[in-house]
Amino acid sequence: MNLGSLDDFHRLLHDEFNLDLRAHGPGIRLADLPQWDSVLLLQLITLIEEQTGRRLPVRPILEAATIEDIHALVKEQE
């Protein structure tokens, strides 16, 4: 799957984790998502690495405040 656009990234989160970010609005903090926890974050990192075929720098992702922040980090790795 192409993760180039934020919509594609949101779709991946919805399809894989049943996480509908549209219900919360753009820029919602990860800590404010009811389903969000460290296990989901690790699953997301693994999924992104599988989808892109690239390793991600974990520290910046752990420091990300929003899904948009994570998407921007993925884009930087292209």
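**Close-ups of a predicted helical model**

**View 1. His-10, a histidine in helix 1.** His-10 has its place in helix 1, and the model shown here and in every other view is a predicted one. With a relative accessibility of 19%, His-10 goes down as buried, because the cut-off for that label is under 20%. Setting aside neighbours within four places in sequence, His-10 has Leu-19, Leu-21, Ile-67 and Glu-68 as its contacts.

**View 2. Helix 1 against helix 4.** Packed helix pairs are described by the angle between the two axes and the distance separating them. For helix 1 and helix 4, that angle is about 115° and the axes sit 10 Å apart. The two helices are therefore roughly perpendicular to each other, and their crossing is right-handed. On the helix 1 side, the contact uses Leu-6, Phe-9, His-10 and Leu-13, while helix 4 brings Ile-67, Glu-68, Ile-70, His-71 and Val-74. Sorted by type, the residues of this helix 1 and helix 4 contact come out as 6 nonpolar, 2 polar and 1 charged.

**View 3. His-71, a histidine in helix 4.** Look for His-71 in helix 4. Its relative accessibility is 9%, so His-71 counts as buried. Skip the neighbours within four places in sequence, and what does His-71 have in contact with it? The list runs Leu-3, Gly-4, Ser-5, Leu-6 and Phe-9.

**View 4. Helix 1 against helix 2.** Here the axes of helix 1 and helix 2 come within 12 Å and cross at roughly 120°. Helix 1 goes past helix 2 in a right-handed crossing. Helix 1 makes the contact with Phe-9, Leu-12, Leu-13, Glu-16 and Phe-17, and helix 2 answers with Leu-40, Gln-43, Leu-44, Leu-47, Ile-48 and Gln-51. That contact of helix 1 with helix 2 splits into 8 nonpolar, 2 polar and 1 charged.

**View 5. The largest nonpolar core.** Nonpolar side chains in soluble globular proteins tend to be buried together. In this model, the largest nonpolar core holds 23 residues, and Phe-9, Trp-36, Ile-48, Ile-67 and Ile-70 are the ones that touch the most other members. Helix 1 (6–17), helix 2 (38–52) and helix 4 (67–76) each put in at least two residues of this core. Which helix gives the largest share of the core? Helix 2 does, with 6 residues.

**View 6. Ile-48 and what it touches.** Leave out residues up to four places away in sequence, and Ile-48 touches Leu-3, Phe-9, Gly-53, Leu-56, Ile-70 and Val-74.

View 7. Gly-53 lies in the loop between helix 2 and helix 3 (58–63). Buried or exposed? At 67% relative accessibility, Gly-53 counts as exposed. Gly-53 and Leu-3 are 50 residues apart along the chain, and their C-alpha atoms are separated by 12 Å. Both Gly-53 and Leu-3 are on the list of residues touched by Ile-48.

**View 8. Asn-18 and its positive phi.** Most residues other than glycine have a negative phi. Asn-18 has a phi near 55°, which is a positive value in a residue other than glycine. Asn-18 is found in the loop between helix 1 and helix 2. With a relative accessible area of 59%, Asn-18 is exposed, since that label applies over 50%.

Definitions and conventions: Residues numbered from 1 in each chain as written. Predicted model: local features only at pLDDT ≥ 70, side-chain atom pairs only at ≥ 80, totals over all residues. Heavy atoms only, no water. Core = buried A, V, L, I, M, F, W, Y, C linked by side-chain atoms within 4.5 Å. Buried < 20%, exposed > 50% of the residue type's maximum accessible area, 1.4 Å probe, protein only. Helix = DSSP H or I, 4+ residues; strand = E, 2+ residues; numbered from the N terminus. Contact = heavy atoms within 4.5 Å. Axes fitted to C-alpha atoms, helices over the stretch in contact; angles between N-to-C directions. Parallel < 35°, antiparallel > 145°, perpendicular 65-115°, else oblique. Left-handed = near helix turned anticlockwise from the far one by under 90°. Nonpolar A, V, L, I, M, F, W, Y, C, P; charged D, E, K, R; others polar.
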